[in-house]
Amino acid sequence: MALPSEGPLQGLSAVVTGAGRGLGRAEALELARLGAAVVVNDYGQPGRDGSGAASAAPAEEVAAEIRARGGRAVAHTGDVADFQQARGILQLAIEEFGKLDILVNNAGILRDRMVFSMTEDEWDSVIRVHLKGHFNTTHFAAAHWRERSKAAGGEKVYGRIVNTSSEAFLAGSAGQPNYAAAKGGIVGLTTSTALALAKYGVTANAICPRARTRMTEDVFAGFRPPDEGLDPLAPEHVAPLVGYLAAPAAARINGQLLVVHGGMVAIVERPRVRARFDSKQETFTHDELDALLTPHYADRPPGETFAAAEVLGLKRG
Ligand SMILES: NC(=O)c1ccc[n+]([C@@H]2O[C@H](COP(=O)([O-])OP(=O)(O)OC[C@H]3O[C@@H](n4cnc5c(N)ncnc54)[C@H](O)[C@@H]3O)[C@@H](O)[C@H]2O)c1
């Protein structure tokens with residue numbers, strides 16, 4: 001299938017991390033279909049928990065697939081969580097395509113365990129790949145855009161960051177303390193980046209995707225794909241939103257969190273203050289807090305927390 005010669009991302013250059021498989025692969029193909037030149041990054045380890053030897057094959061195969069369709073793509077096979085290798089991903093985009101316009105942070109691993117059983121290594125490795133991985137590429141991309149803006153006398157440049165959070169953060173996930181924390185951290189990084197880079201013409205948004213990939217094959221094993229048509233859990237349902245957020249049309253969308261899967265996009269509202277209490281003295285006493293907070297929480301259903309379990313019920317209408 002040949003790519004269209006004029007798409008909304010024509011002339012733009014993109015990096016997609018973890019693009020050798022799953023969601024990242026679908027997103028890289030979509031960005032290329034819309035006209036972007038793409039750096040396909042993937043470290044290529046065989047285990048979804050980040051185990052096994054790194055392999056160049058997944059990134060190279062997706063880059064070749066894009067080129068076979070008439071697009072522009074190069075592979076980068078480094079570890080996104082290594083600061084210097086992450087610098088290399090952004091440098092490759094600049095060397096090959098002259099500049100960077102779009103950064104899609106997607107690479108991730110899973111090492112699930114209840115908090116009481118989780119090892120230090122399980123915690124560190126998931127935080128490292130997701131949260132530090134997102135920071136690393138964001139840092140080098142942001143420095144690139146700031147430098148270009150300065151060189152242009154303070155003019156705005158074009159920049160788009162799409163980060164990957166998860167419903168595990170929104171809804172809470174008892175068996176994934178490391179993953180839920182990393183994904184919450186990514187939302188914090190996204191809003192911080194959105195505020196810091198708006199003046200340079202750069203937006204940063206985060207998605208909570210849902211898709212059948214090697215990461216979730218056991219979770220979704222019970223949901224059989226239909227015999228015909230697109231699987232409602234196909235990664236191809238997530239990719240169009242990533243392509244849209246990367247495009248000029250999405251210039252006004254910044255610092256947002258969107259849930260996306262199966263032909264549906266839901267915009268998550270920012271947290272709101274539900275109740276407020278003021279001390280009658282200079283500051284609160286224990287008894288005063290008890291008198292205010294105990295009645296407030298008395299009628300709360302047990303298990304209701306800051307987590308928004310209702311997002312798990314979202315589906316296409
Ligand atoms: N699949 C879902 O339903 C779902 C839900 C919420 C969030 N996510 C997130 O979406 C992203 C993609 O997940 P997926 O489901 O496609 O999983 P996947 O395992 O199919 O793909 C992840 C890719 O990231 C690569 N990767 C891992 N560590 C890397 C590193 N250090 N550097 C570079 N590449 C690395 C892997 O090799 C793999 O190809 C992840 O951030 C994941 O947490 C997925």
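Which residue in strand 2 stands opposite V15?

1. The residue opposite V15 is V39 of strand 2. The model is a predicted one, and everything below should be read with that in mind. Strand 1 covers residues 13–16 and strand 2 covers residues 37–41; these two run in the parallel sense and pair over 4 bridges.

2. The sheet as a whole is open and has 8 strands, in the order 3-2-1-4-5-6-7-8. Its pairing is mixed. Strand 3 (73–76) and strand 8 (264–267) are the edge strands, each pairing on one side only. On average, neighbouring strands of this sheet are turned by 20° against each other, with direction ignored.

3. Helix 2, residues 57–68, packs on the sheet and touches strand 2 and strand 3. The direction of helix 2 makes about 180° with that of strand 3. Helix 6, residues 177–197, also packs on the sheet. Helix 6 touches strand 5 (159–164), strand 6 (202–209) and strand 7 (257–261), and its direction makes about 160° with that of strand 6.

4. Helix 1 (residues 22–33) and helix 2 have axes that come within 10 Å and cross at roughly 25°. Angles under 35 degrees count as roughly parallel, so helix 1 and helix 2 are roughly parallel to each other. Their crossing is right-handed. Helix 1 contributes R25, A28, L29 and A32 to the contact, and helix 2 contributes V62, E65 and I66. By class, the residues of this contact of helix 1 with helix 2 are 5 nonpolar and 2 charged, with no polar ones.

5. Helix 3 (residues 83–97) packs against helix 4 (residues 120–151) at an angle of about 45°, and their axes are 8 Å apart. Helix 3 and helix 4 are therefore oblique to each other. Helix 3 passes helix 4 in a right-handed crossing. On the helix 3 side the contact is made by F83, A86, R87, I89, L90 and I94; on the helix 4 side, by N136, T137, F140, A141 and H144. The contact of helix 3 with helix 4 divides into 7 nonpolar, 3 polar and 1 charged residues.

6. Helix 4 also packs with helix 6, at an angle of about 15° and with the axes 9 Å apart. Helix 4 and helix 6 are therefore roughly parallel to each other. The crossing of helix 4 past helix 6 is right-handed. Residues of helix 4 in this contact include W123, V126, I127, L131, F135 and W145, and those of helix 6 include Y179, A182, I186, L189 and L197. Counted by class, the contact of helix 4 with helix 6 holds 13 nonpolar, 6 polar and 2 charged residues.

7. On annotation: UniProt lists residues 12–238 under "domain: Ketoreductase", in an unreviewed entry. In the model, the end C-alpha atoms of residues 12–238 lie 20 Å apart. That span is 43% helix and 13% strand.

Methods:
Residues are numbered from 1 along each chain as its sequence is written. This is a predicted model: local features need pLDDT of at least 70, side-chain atom pairs count only at pLDDT 80 or more; totals for chains, interfaces and linings use all residues. Two strands pair if DSSP finds at least two bridges between them. Axes are lines fitted to C-alpha atoms, for helices over the stretch in contact, and angles run from 0 to 180 degrees between N-to-C directions. Two residues are in contact if their C-beta atoms, placed from the backbone, lie within 7 Å. Angles under 35 degrees count as roughly parallel, over 145 as roughly antiparallel, 65 to 115 as roughly perpendicular and the rest as oblique. A crossing is left-handed if the near helix is turned anticlockwise from the far one by less than a right angle, and right-handed if clockwise. Ala, Val, Leu, Ile, Met, Phe, Trp, Tyr, Cys and Pro count as nonpolar, Asp, Glu, Lys and Arg as charged, and the others, Gly among them, as polar. UniProt positions are given in the numbering used here, feature names are shortened, and annotations may be inferred rather than shown by experiment.
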